[in-house]
Amino acid sequence: MLPHRLTARPRPGSAGFHRRLRDAAFVVPVFALLLLLPPFLNLFRVGRMLFGIPLEVVYLFAIWTALVAGAFVLSRHLPRQSEIGPEIDPEASTPDSGQADHS
Amino acid sequence: MIDILIAEDEPAILDPVSFILERAGWRVEAVTDGEAALRGVRQKRPRLLLLDIMLPGQSGLDVLKTVKADPDLARTPVLILTARGRSHDRQLALDLRADGFITKPFANDVVIDEVRRLLRPACCLTG
Amino acid sequence: MLSPDFVIMTAVAYVGLLFVLAYVSDGFARHGRAGFLRSPAVYTLSISVYCTSWTFYGAVGTAASDGLEFVAIYMGPTLVFVGWWFILRKLVRIGRSQRITSIADLLSSRFGKSSRLAVLVTLIAVITITPYIALQLKAITTSIQVISSAQEGGSHLARIDNNRLALGVAIGMALFTILFGTRNVDAREQHLGVVAAIAFEAVVKLLALIAVGLFVVFGLGDGPADVYARALAAGVEIHESDPFGSRWVTVLLLSASAIICLPRQFQITVVENSDEEHLRTAGWAFPAYLLLMSLFTLPIAFYGLATMPAESNPDMFVLTLPMAAGQDGLALFAFIGGFSSATSMIIIASIALSIMVSNHVVLPLALRRTDHLADSGEQGIARLLQRSRRISIAVMLGLGFLYFRLTGETGALAPIGLISFAGVAQFLPALLAALYWREANMRGALAGILIGALVWFWTLFLPSFGTTSASIAALIADGPWGIAALRPQALFGMEGLDPLVHSVFWSLFLNTGTLIFASLLTPQGALDRIQAGMFVDIFSASRDVQAHPIRSSATTDDLFFVAERVLGWRRAQALFDADEIPRGESAADFAVGSDFVIRLERELASSIGAASAHILLSTAIAGDTISLEEVMRITDETQQVIEYSHELENKSRELREAARQLEEANARLQDLHRQKDDFLSQVSHEVRTPMTSIRSISEILLKELDLEEERRSRFVGTIHQESVRLTRLLDEILDLGALEGSERNWESRPIDAEAVLDRAIAVCEALARQKGIAVEHVGRPLAAPVLGDADRLSQVFINVIANAVSHNDADQPVIQVRSRIEDGQYVVEIADNGRGILPEYRQSIFDKFVRVQPESDRGGSSPGLGLGLNISHVIMQRMNGALELVDGPLPGACFRITLPLNAEAIPA
């Protein structure tokens, strides 16, 4: 019922899509860090088992796996050096940021 | 009622200029410093002020500024006479809303023409 | 079955394999067929040099004693790599664009290319990493001991001398590292052979650990659930006994910082990076590698705890479990895995440290020895660097071995590693500030790192000897001199904390605080500011931001000389040719662009570090009068490396001074220019006024033929008068021109000034009488012999008297002329009773075109155009005399003229 909204979603490759991905690249590790800090972590330290493995172990390794998966997805879509030019300053023109990397 | 107030401190210039303006039929009065020029404009309400820039006391530009800032006097045309002919000075005077600018030395006819030009609207209204 | 000899032979054979691998890879690289070596996979695998024998053996030990804490050691790096877009990408971009060679180089480069900072960071790195290397040696010897002794009930223990074993390993590693790690001195021409070997080792250790893990979980046990159940049955605590708390957070922080700050990680991740895009793969693949490495840690630990004898070392479960099950082959594989993890760490760490030591310590010291450099020929500096790197690799491994011998067998693997982590974590605040905080400056970074390192040393490093040294144990218990507040593990009374947490808290807190406050309170150097912009804005910087305060006045030969010393002839040649920079006699006047100088500096930096490169080039270029050799000789007299930057400071101070003088001269010139303009505009004004009158009146006279006689004659009179005025103006200008341009020859001859004065008064008296002015003479001497030009002097007198006459409008005007001889000077004072000179004119009375009286005064007897007094003033100066305005006896002005008497003419 909301076709306009659907078409308004940033498409892969568009500037908006890149911006969202960049935000996501920031949020994923930060959020994961929160999940890995004591108050949260201790919620799972209750002496229970899951599939015969201590719950806190399952939790830690699950988050770890999720992180790897998330990083894999992000790395597939984060813009490449050649696609983004200099960030922050849209005025600057050279896409390789003017560094003499290639010399 | 006078037509033209001349502010010029050099008698050697004042003398011939008043002469030609009077010859052309205008009533002319002269002052020799800035303060007198302002006083003259306020009291005599001339139809035109012929103003030298290098006046003793208040300079011609100061007088010009004051005249143009006074709503009562601002419509009085001001014709600047100066021995400093650099375009910078000219621009300065025009920025201060001088109505004309003549560099010394000048041909008498130029002064007459310029005065005539500046006084014309008034002529047409009265005529 | 596994004899020590066999195990050792296997290890040697493995190292031989690495040799071949590195050699072949280097060969590929030299022939430009190193494509696969520069792949993201190899890059990722080489980063796993993070997993040392501490991971391979120690993680199981940690898991056995502290449960899940070992996960934090891998979770920190995981988070950093998952967030690669933010920190690592920036780090790699900067590292590549600035040709960074090490973490010390990065910090020194960002903070104004400070050599002091580089030395400090290098020093801390060496102190921190030495125990870490010792840890690897210990792991290797212990593992050899374990694997070869278990079979024959310890009888071989005596035969294997631990120390000799460790020494052998150290020597072997040193040889390998020297052979493949110092092939060339340019860090940017990365160590492809070594990296290939490291990547291979990464595969070996991963496979070995997974093999052991699979064997334990599915061979010995019956799946993970079974392993945990058995451990539970054996009374092992499988759940976390303590809540996750400050220690967990601390280890997480330390490991996250270590993956960036450890010299070997920096070397692999930043320096050896050949393509920024590789981070994209490493961002998920390295965390995945860590995950795989950790997957079986807990099961192995719990199975070991449940089945092995209570006194067995949990650190060695990876070896002892297969051995206990009779799987010698697997045990040998595990041993090779552990050996791999240890050797890869030793190799990369010693390469990274040797680069730091040689670039930041040895090179600056050696630069003082000019002769040595001059003798060493074409590639002087390059050869020096290579030699110093080889020596420092040997020294690093020697230090590690020494530490190993001194500390012996005490302690588990993990604590030593954490001490190192906490040490290098002191670089973290400065590193983050370098990337993100523009205002951070060199003093802040230096002070922060220094304080942090000192606190780390006091609270963590020193107490680590507490078990072996009684005096240190006492120190820990009571504090130095009994000061309880300074107890290493309870600083300022902070008790009850885990020692690691305590140390990390205080060191990082004081480190960061000092960094921030020192940066805010001290000024930032110019170079510091420029580098800050280039680092912080690396992603937005455009080409022209690269401005650099080096101005090249050196010839291209000078530059080539420097480039050749460091890079060698071939690379220097290529660099110069690429930019078509000519050399030799014909290029004496060729202006080298600053962009080329910047590129050259960067090329040099990739070999010898930013600070050294900057010093080398700055002295060669900015030192117009000082040659490179001279700079080296100057610094030779000083004892410290620091003097280099000192010299540079002086140099730049001289430059600043020169710039200031130039500015002043420029201001004077502009002032003169303005005076000239004023003069011309004034003259033009003075000419135009009479011309206006003359032109206007003559037009009237020409046109108005019927003019009344009286007016006509007045007009003619005005014309005449104005012509006279014009003539006088021209005379005065000519006079002035002659005076100022000293065109006219002065004839200074003995004259009687008194006679001159008499004549002048006579000339003026007629004028004075006309205006009814009385001229009084007061106290005249008989004669005044002076040296001078009589006509000129007369002109001055007439000028001044005429001035007094024309400006005197008193009712009873009087002019007083008094002259006397006083202190060998002839003094004349001419005073009048007129209105005097207004105070605002007193300063400028002798300037050109200054008129004292209102303009209305200027009637027919125009006194001149304001040049008179100026001319008189100049004349008097020419005759070594003076013309001044003084307070006189009459109410009006009083001018005093003084002239020195002619000594020869005075009768003895």
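1. Helix 14 (residues 297-307) of chain C is mostly covered, with nine of its eleven residues buried. Buried means that 20 or more other C-beta atoms lie within 10 Å of the residue's own; exposed means 12 or fewer, partly exposed is in between, and C-beta atoms are placed from the backbone. The buried residues of helix 14 of chain C are C:Thr297, C:Leu298, C:Pro299, C:Ile300, C:Ala301, C:Phe302, C:Tyr303, C:Gly304 and C:Leu305. Helices (H or I, at least four residues) and strands (E, at least two) are DSSP runs, numbered from the N terminus.

2. This is a predicted model, in which local features need pLDDT of at least 70 and side-chain atom pairs count only at pLDDT 80 or more, while totals for chains, interfaces and linings use all residues. Residues are numbered from 1 along each chain as its sequence is written, and chains are lettered from A and ligands numbered from 1 in the order in which they are written.

3. Chain A has five helices and two strands, and their pattern along the sequence is α-α-α-β-β-α-α. Of its 103 residues, 23% count as buried. Among the contacts in chain A with a separation of 6 or more, 47% come from residues 24 or more positions apart. Two residues are in contact if their C-beta atoms, placed from the backbone, lie within 7 Å.

4. Chain C contains an open sheet of five strands in the order 2-4-5-7-6, with mixed pairing. Its edge strands are strand 2 (774-778) and strand 6 (882-886) of chain C, each of which pairs on one side only. From one strand to the next, the twist averages 20°. Two strands pair if DSSP finds at least two bridges between them.

5. Within the sheet, strand 4 (residues 814-822) and strand 5 (residues 825-832) of chain C run antiparallel and are joined by eight bridges. C:Arg820 has C:Val827 in strand 5 of chain C as its bridge partner. Helix 32 (residues 753-770) of chain C packs on the sheet and touches strand 2, strand 4, strand 5 and strand 7 (894-900) of chain C; the direction of helix 32 makes about 180° with that of strand 4 of chain C. Axes are lines fitted to C-alpha atoms, for helices over the stretch in contact, and angles run from 0 to 180 degrees between N-to-C directions.

6. Which residues in chain C have a positive phi without being glycine? C:Lys113 is one of them, with phi of about 50°, and C:Asp823 is another, with phi near 50°. C:Lys113 is found in the loop between helix 6 (103-110) and helix 7 (115-149) of chain C, and C:Asp823 in the loop between strand 4 and strand 5 of chain C. C:Lys113 has 28 other C-beta atoms within 10 Å and is therefore buried. C:Asp823 has 8 C-beta neighbours inside 10 Å, so C:Asp823 counts as exposed.

7. In chain B, a cis peptide bond joins B:Lys104 and B:Pro105, with omega about -5°. B:Pro105 lies in the loop between strand 5 (100-103) and helix 5 (108-126) of chain B.

8. Two packed helices are described by the angle between their axes and the distance between the axes. The axes of helix 11 (residues 246-261) and helix 23 (residues 499-521) of chain C come within 9 Å and cross at roughly 55°, so the two helices are oblique to each other. Angles under 35 degrees count as roughly parallel, over 145 as roughly antiparallel, 65 to 115 as roughly perpendicular and the rest as oblique. Helix 11 of chain C contributes C:Ser246, C:Arg247, C:Thr250 and C:Leu254 to the contact, and helix 23 of chain C contributes C:Leu500, C:Val501 and C:Val504.

9. Helix 20 (residues 428-436) and helix 21 (residues 442-461) of chain C pack at an angle of about 160°, with their axes 9 Å apart. That makes helix 20 of chain C roughly antiparallel to helix 21 of chain C. The contact is made by C:Pro429, C:Ala430 and C:Ala433 of helix 20 and C:Ala445, C:Gly448 and C:Ile449 of helix 21.

10. Between chains, 19 residues of chain C are in contact with 20 residues of chain B. Helix 30 (643-703) and helix 31 (709-740) of chain C are the elements that give two or more residues to the side of chain C that touches chain B. Helix 30 of chain C gives the most, with 13 residues.
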